[in-house]
Amino acid sequence: MPAPIRLRELIRTIRTARTQAEEREMIQKECAAIRSSFREEDNTYRCRNVAKLLYMHMLGYPAHFGQLECLKLIASQKFTDKRIGYLGAMLLLDERQDVHLLMTNCIKNDLNHSTQYVQGLALCTLGCMGSSEMCRDLAGEVEKLLKTSNSYLRKKAALCAVHVIRKVPELMEMFLPATKNLLSEKNHGVLHTSVVLLTEMCERSPDMLSHFRKLVPQLVRILKNLIMSGYSPEHDVSGISDPFLQVRILRLLRILGKGDDDSSEAMNDILAQVATNTETSKNVGNAILYETVLTIMDIKSESGLRVLAINILGRFLLNNDKNIRYVALTSLLKTVQTDHNAVQRHRSTIVDCLKDLDVSIKRRAMELSFALVNGNNIRGMMKELLYFLDSCDPDFKADCASGIFLAAEKYAPSKRWHIDTIMRVLTTAGSYVRDDSVPNLIQLITNSVEMHAYTVQRLYKALLDDISQQPLVQVASWCIGEYGDLLVSGQCEEEEPIQVSEDEVLDVLEGLLVSNLSTPVTRGYSLTAIMKLSTRFSSLNRIKKVVSIYGSSIDVELQQRAVEYNALFKKYDHMRPALLERMPIMEKTATNGPSETVQTNGETDSTILDTKHLPSISQPASQVGFLKHGFSIQTCAHFRSNPNPNIAVITIHATNSTEADMTEFVFQAAVPKTFQLQLLSPSSNVVPAFNQGSVTQVIRVLNPQKQQLRMRIKLTYTHKGSPVQDLAEVNNFPPQSWQ
């Protein structure tokens, strides 16, 4: 049989292929030749054939038929055969295949080989693909090599020990004595791998973490020697001595110092030294500074050191490298809750990042900008964010609009500013706002009595300019229906009143009914507004005519409204003025923005009732507890006497123990059809952080048949910018609630 071609010739031949089909044909032809050679047990060219097979495997072609040949090469006495055999084992075998167990004995023999390079091959293979069974059998051999004086073997044994610990954590204590001595090694390779091993052990075992905290002074000394040492060509990278080892040590210090005062105190000085002495002109220095910042933020560091870390991130924001700017924004977003004032100093730089061309940087800058908003800078920050909303991509508009609504609700300096801001958002990005923005703005306008004339005039002007933004049109229609008489009478004092007639107002609303831009919901708002104006305007005949036309509309919702309104005109005209009078002011407490009013019962809220597989909540006495998504909510139900014995009055208390406020809190409940449920307005829609307050809400349940009270509840809220929804079932209320 002729000698097979060499690997170099195979690579050259494959690269000459002009099409994928031609390449596949070459590969198939060569695989057939390799199979024939394997069947003939050709020992002379086995190494060459396996090497070619590995190259084909790298190209994505199947090479599983070479697994046993790899084991034969490993068993060979020649180093060149072992090298290819172990490489093939690492690429073609894993612990899911039983074949790998056949090489356990070979690896054990090679770990005790007289040649260090053969021992190194065995350590690399075990550390790459060793299963839990292999690790248990060979852990003793690895531990022996950790104690050897050979630096080449010690560094490979340390990395192999990391893999053993990951596979079999209970073997961790076996490596404890040898690991302590590794830090006294002068070889940087051994130091690096020993720090990796220490990090793995500390992350996996709290006992090891406590044990290794006494090594902090030694790690600090190693790090100090690195940054104070002179030029060393063997370890120098862009003028910095072994940055890879520095980063690893900083990462280990972060783990050791977290939550420990003594360890944190021991590393404060060296962290300050690294932060001030590291060169920032090259990417290597920036990597070390970033790790330093993360370590400072995670340990119990001094306040001055934390300010220094945030200033480093501020300098990162001015870097030309997009990756560094993104990393800085992400890190500042994590620290803004704990070091708000220090981050505020870099507000202008953060706002400038909103103009960056990179979408990832813009998104992070937007999130950080909203986190920086407070009562002192609300006007300036909203100006910048509204400008960003005007010019940003459609992908950003929904999140930006939502953030502006939340910030305005929480920090609005005045009701007029609040209304103007939300109207600006609806005008700019009305198609992207959340569904609840319309009822929230309506509630805000209703409660701002002195702003009714100003608001209806502003909204009327907005309708004349643009009717494409449906949420804006819906709010405007509602306001014109409620306060159309103020618009016509020109009672606006905040700005120059406009002269508008009743017919002009009705023309606009009728235009909305026939516009192709209007959604069915918007048409419903417009028809209701026209109906309400029948008690505020004198054009009664025109309004009757419009309403009667839509009594035969193909839109069932619009038709039903029109038929009912026609019935008001004909049969119940004496009740019409009382039914269509203005909405009363909605009570709200302890919040700047609108409080949510939700009334749900078992017949109307299909969202809650149709939910299956809900978690059942154990309710001792009258208390229901939640612990989800990193914060806790205690829902306590107190039953008090009521004049009507069939009504149970329940008070819900919600508290938040996390570091961030829980906003847009809405509590909903559903009961079976034999009950009737009424939810009163909550005391607030913001649950303060750190248990600094609670939100209360009263529930009234009518139970005429005295059945056992059962309830399904739904909690929705926004926590750290993310919407959250919880569903649960409460079916073991105390007997006094329903007997």
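Thr335 is buried, as its relative accessible area is 7%; buried means under 20%, exposed over 50%, and partly exposed in between, with a 1.4 Å probe and protein chains only. The model shown is predicted, so local features need pLDDT of at least 70 and side-chain atom pairs count only at pLDDT 80 or more, while totals for chains, interfaces and linings use all residues. Residues are numbered from 1 along each chain as its sequence is written, and side-chain values use heavy atoms, with hydrogens and water left out.

Thr335 belongs to helix α18. Helices (H or I, at least four residues) and strands (E, at least two) are DSSP runs, numbered from the N terminus. Setting aside neighbours within four places in sequence, Thr335 is in contact with Met297 and Val343, where contact means heavy atoms within 4.5 Å.

I turn now to the largest pocket. About 1,500 Å³ of space lies in the largest pocket. Of the 41 residues that line the largest pocket, the closest to its centre are Gln337, Ala371, Leu406, Lys720 and Gly721. On a 1 Å grid over the protein atoms alone, a pocket is an open set of points where a 1.4 Å probe fits, with protein on both sides within 12 Å along at least five of seven lines; lining residues have an atom within 4 Å of a point. Grid points are joined across faces, edges and corners, and the volume is the space filled by probe spheres set on the points.

Which helix gives the largest share of the lining of the largest pocket? That helix is α23, with eight residues. Among the elements that each supply at least two residues of this lining are α18 (322–335), α23 (394–411) and β9 (711–719). The lining divides into 18 nonpolar, twelve polar and eleven charged residues. Here Ala, Val, Leu, Ile, Met, Phe, Trp, Tyr, Cys and Pro count as nonpolar, Asp, Glu, Lys and Arg as charged, and the others, Gly among them, as polar.

Helix α23 also holds Phe396. At 2% relative accessibility, Phe396 is buried. Apart from residues up to four places away in sequence, Phe396 touches Val359, Lys362, Arg363, Met366 and Phe388. Phe396 and Lys362 are 34 residues apart in sequence, yet 8.9 Å apart in space, C-alpha to C-alpha.

The next topic is aromatic rings. A search of the whole structure finds four aromatic pairs. One of them joins Phe388 and Phe396, edge-to-face, at 6.0 Å centre to centre with 75 degrees between the planes. Rings of Phe, Tyr and Trp (its six-membered ring) pair if their centres lie within 6.5 Å; planes under 30 degrees apart count as stacked, over 60 as edge-to-face and the rest as tilted. Phe388 is also buried, at 4% relative accessible area.

Charges may sit over rings as well: Arg35 lies over the face of Phe65, at 4.0 Å from the ring centre. The criterion is that NZ of Lys or CZ of Arg is within 6 Å of the ring centre and within 35 degrees of the ring normal.

Finally, I consider the backbone. Ser238, although not a glycine, has a positive phi of about 55 degrees. Ser238 is found in the loop between β1 (236–237) and β2 (240–241).
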